[in-house]
Amino acid sequence: MQICLAFRQDIRGGKEVECYARSFLRILQEKKHKVTTCGEGHTVPFLGELNQKDFDLLIEIENGRNGKGELLFQQSKANWIIPSAIWFIDTHGQENAHRHVAPHYKYVFFAPWVKRDIFVDHPNTYWLPNCTDLKWFDREKFKHILPRYDLGFHSSKMG
């Protein structure tokens, strides 16, 4: 399967910053899918620079705001007609933006559950909570370290 994976990629110190979308990319590649990435921070920054006929599926993953404080959703501008999916990560903070762009995608995945009412009129909406990538957070790799806290939260302010 030929997949176009659209997400904003942060680059810090010349290196790609790890994120949900990069974990998703790695798993797709491990499953032997042919994946082309696009979006801010990638070789191809805009979905419109690619030919949708080269792909079987478009998956877009929200990856926070860029340095200018903007949320960028590629499909809402390109309107490809191939099957498309969006994974909204922060619907609790982006209700209006998510409500506005959701109709541009055949499938909508969202988190958190408490905001499910925003997509009630979309026919293919599914709750998909954030998950842990065992490459980065495998408890077994760190069992020799005694935890100081029972719970942690990782986030950022304004991208």
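Ile 3 stands opposite Leu 57 in β5. In this predicted model, local features need pLDDT of at least 70 and side-chain atom pairs count only at pLDDT 80 or more, while totals for chains, interfaces and linings use all residues. Residues are numbered from 1 along each chain as its sequence is written, and side-chain values use heavy atoms, without hydrogens and water.

Strand β1 (residues 2-6) and strand β5 (residues 57-61) run parallel and are joined by four bridges. Strands (E, at least two residues) and helices (H or I, at least four) are DSSP runs, numbered from the N terminus; two strands pair if DSSP finds at least two bridges between them. β1 also pairs with strand β4 (residues 34-38) in the parallel sense, over five bridges. There, Gln 2 has Lys 34 as its bridge partner.

Six strands make an open sheet with parallel pairing, in the order β4-β1-β5-β6-β7-β8. β4 and β8 (125-127) are the edge strands, each pairing on one side only.

Strand β7 (residues 107-110) is joined to β8 by three bridges. Phe 109 has Tyr 126 in β8 as its bridge partner.

## Trp 80

Trp 80 is in the loop between α2 (75-78) and β6 (84-88). Trp 80 counts as buried because its relative accessibility is 7%. Its contacts (heavy atoms within 4.5 Å), not counting residues up to four places away in sequence, include Cys 4, Leu 58 and Gln 75.

Key
Buried < 20%, exposed > 50% of the residue type's maximum accessible area, 1.4 Å probe, protein only.
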